[in-house]
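I opened a new notebook page for this protein.

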Amino acid sequence: MKKTIATGIVFLLVVLSFTAISGIQIKNNIIMSSDRGDILYVGGNGTVNYTTIQSAVDDADWYDTVFVFDDGSPYNENVEVTKTITIIGENKNTTIVNGYFEIRYKQVKLSGFTINSNTEYCVKIISSENIISDNIINSEVVGIYIYADVYVGIFNNFISNNIINSRGQGIMLYLAGFKGCNDNIITNNIITSTEDKSGNGIKII
């Protein structure tokens, strides 16, 4: 019995140690090693944290995580993503970006933000296998814009659990080319569209 209890305590300590090492709760480090890559911090009270999301995205390596604290909100910037990374906001109600995200590389994960944009879109996806989830999106035109151009097909994106408020289209899939825009999953989103009678919750063109 004592051996069993001791083994259980050791296992618990190992689990807790792993959680502390791989978590994203420490505010005073710009990068913290984890089993999924490094974590780069934006905002917060760390003395060397990034001040903009784009600068952290630019410095990130493939499979890193950019964690954005709400302390620095609102972040008034447009963010272009050209590598496989994860971008997480601390709290989707209080981590605010006044601008847009443009995702140009596959397997990007974006969650935990309020995104406000009065330009063409809040989130534009020009790649495959991305996950856009648990965001609040307020758009004057298009909330999430999935764009398949003439030569690049857009496949297997997962759009879920977002709250989208748009005066135009909530989600638009634009099929410009012959490669197609297939197997994209759109589920459990709340879409409010619109003051403009031409608006649609989801539109495919």
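I count two strands as paired if DSSP finds at least two bridges between them. Helices (H or I, at least four residues) and strands (E, at least two) are DSSP runs, numbered from the N terminus. This is a predicted model: local features need pLDDT of at least 70, side-chain atom pairs count only at pLDDT 80 or more, and totals for chains, interfaces and linings use all residues. Residues are numbered from 1 along each chain as its sequence is written, and side-chain values use heavy atoms, with hydrogens and water left out.

**Entry 1. Confidence**

I checked pLDDT, the predictor's confidence in each residue, from 0 to 100. The protein has a mean pLDDT of 82. I find that 75% of its residues reach 70 or more.

**Entry 2. Totals**

I looked up the secondary structure: two helices and 19 strands. The protein has 205 residues, and 42% of them count as buried. Buried means under 20% relative accessible area, exposed over 50%, partly exposed in between (1.4 Å probe, protein chains only). The accessible surface comes to about 10,600 Å². Carbon and sulfur atoms own 54% of that surface. Areas come from the Shrake-Rupley method with a 1.4 Å probe; for residues, only the protein chains shown count as cover. I also took contacts between residues at least 6 apart in sequence: 46% of these join residues at least 24 apart.

**Entry 3. The open sheet**

Which strands form the open sheet, and in what order? I read five, β6-β9-β12-β15-β18, with parallel pairing. β6 (96-98) and β18 (190-192) stand at the edges with a single partner strand each, so one side of each has no neighbour in the sheet. The twist averages 10° from one strand to the next. (Axes are lines fitted to C-alpha atoms, for helices over the stretch in contact, and angles run from 0 to 180 degrees between N-to-C directions.) Inside this sheet I followed β9 (residues 114-117) and β12 (residues 136-139), which pair in the parallel sense over four bridges. I115 stands opposite I137 in β12.

I then moved to β7 and β10. They run parallel, joined by three bridges. F101 stands opposite V123 in β10. Is β10 mostly covered or mostly open? Mostly covered: five of its five residues are buried. β10 also pairs with β13, in the parallel sense, over four bridges. In β13, K124 has Y145 as its bridge partner, and I125 has I146. Six of the seven residues of β13 are buried, so the rest of the structure largely encloses this strand. β13 pairs with β16 over six bridges, again parallel. There, Y145 meets M172 of β16 as its bridge partner.

**Entry 4. The nonpolar core**

By nonpolar core I mean a set of buried Ala, Val, Leu, Ile, Met, Phe, Trp, Tyr and Cys residues joined through side-chain atoms within 4.5 Å. The largest one has 35 residues. Which of them touch the most other members? I53, V66, I87, L110, V123 and I144 do. Elements giving two or more residues to this core include β2 (37-42), α2 (53-59), β10 (121-125) and β13 (142-148).

**Entry 5. Single residues**

The contact lists here skip residues up to four places away in sequence.

- I53 touches V42, V68, Y75, E77, V79, I87, V97, F101 and F113.
- V57 is found in helix α2 and is buried at 1% relative accessible area. Its contacts include V66, V79, V81 and I87. V57 and V81 are 24 residues apart in sequence, yet 6.9 Å apart in space, C-alpha to C-alpha.
- I132 lies in strand β11 (residues 131-133) and is buried at 0% relative accessibility. Among its contacts are I103, L110, V123 and I144.
- T86 lies in strand β5 (residues 86-89) and counts as buried at 18%. T86 touches D64, T65, V66 and K109.

How values were computed:
Contact = heavy atoms within 4.5 Å.
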